[in-house]
Amino acid sequence: ARMVRDVDLALSENRILAHYQPVVRLDTAEIVGVEALARMRMPDGRIASAGEFHAAFADPRIAWQLTGQIMNQVARDVRQWLDDGIDFQHVGINVTSGDFLRGDLEQRIVDTFGAARVPLHHIALEVNEAVFMGGIDQVPKTVSALRERGVLVALDDFGTGFASLTHLLSFPVDVIKIDKSFVDRIGSDAASSTIVGCIIEVARKLDMKIVAEGIEAADQVQALAELGCKLGQGFLFSRPCSAEDTTSLLTTFA
Ligand code: G
Ligand code: G
Ligand code: MN
Ligand code: NA
């Protein structure tokens, strides 16, 4: 309850910020996109990461306001990057089940990015496995409607929940994000490498992109590249950073 109150206040005081983590090509470290991650500026000035206030996202009203404010900032920042002539592919936006339950997520995305003249193919909706497999009717419906409009859909945290490779055939997505827990075990655990190798092979056959998450070490890059993974993100390349710092990174490395 305390957490919900803190986030609610931060929302009304414009203290919820979009930070961004680069997604890079593993062979060249060139930035191809970013993932937006919510941050809260605390009354003492410290920046709290989403993990610290994640519990508040379970309140659908909070989740919806947060998604709205993050999308508005993303629209403004992407407009700036496009105006600066920066060549990048997409920005990921995390959404949760509450965002789908309201039924107007599609319209909100169309309106927000339309108003900023941001083409929808620059937007990637990140839906985690639990939400994807949660049996909510609006999820597959909204996902396919948005894909028809050109929005990319990423299956986030792949490998942590119940999504199987079979599900991917019935619920197509554009991007699979391999969870950090697999990336951590690659190299030290032969079974994890085999599983990740299979995911990559199936994704390639289904024409889906693969992004490995939470890369912290150079030997992980090596192992992922050997398995055929082309894209990744993680502290090794860059921590999530402010819109301003992201603009500098994109200007230099995109
Ligand atoms: O950035 P951090 O590691 O603190 O994120 C923790 C969790 O919060 C991750 O699971 C991430 O997907 C989620 N998260 C971060 N930003 C957002 C957001 O804007 N909306 C939603 N729904 N989840 C977010
Ligand atoms: O659930 P989701 O995949 O959206 O969560 C992304 C979260 O992972 C972000 O909050 C981000 O801060 C965190 N993250 C990104 N890269 C790394 C990394 O290399 N190591 C660790 N420990 N966390 C990371
Ligand atoms: Mn994500
Ligand atoms: Na992710």
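Is each face of strand β7 (residues 175–178) covered or open, and which residues lie on which side? Select the strand in this predicted model. Both faces are covered: V175 and K177 point to one side, I176 and I178 to the other, and all four are buried.

β6 and β7 run parallel, joined by 3 bridges. Then include helix α8 (residues 165–170), which forms a right-handed β-α-β unit with β6 and β7.

Now turn to strand β8 (residues 209–212), which pairs with β7 in the parallel sense over 4 bridges. Here I210 of β8 is the bridge partner of I176.

Select ligand 2 and its surroundings. The shell holds 16 residues, and the closest are G214, E216, G234, F235 and P240. Colouring the shell around ligand 2 by class gives 5 nonpolar, 7 polar and 4 charged residues.

Finally, zoom out to the protein chain, which has 12 helices and 9 strands. Its radius of gyration is 18 Å, close to the 18 Å that the globule rule gives for 254 residues, so the chain is as compact as a globular protein of that length. Along the principal axes, the C-alpha atoms fill a box of roughly 50 × 40 × 35 Å. Of the 254 residues, 41% count as buried. Among contacts between residues at least 6 apart in sequence, 66% join residues at least 24 apart.

Definitions and conventions:
Residues numbered from 1 in each chain as written. Chains lettered and ligands numbered in written order. Predicted model: local features only at pLDDT ≥ 70, side-chain atom pairs only at ≥ 80, totals over all residues. Helix = DSSP H or I, 4+ residues; strand = E, 2+ residues; numbered from the N terminus. Rg over C-alpha atoms; globule rule 2.2 N^0.38 Å. Buried ≥ 20, exposed ≤ 12 C-beta atoms within 10 Å, placed from the backbone. Contact = placed C-beta atoms within 7 Å. Near = placed C-beta within 6 Å. Nonpolar A, V, L, I, M, F, W, Y, C, P; charged D, E, K, R; others polar. Pairing = 2+ DSSP bridges. Right-handed = clockwise from strand over helix to strand, strands pointing away.
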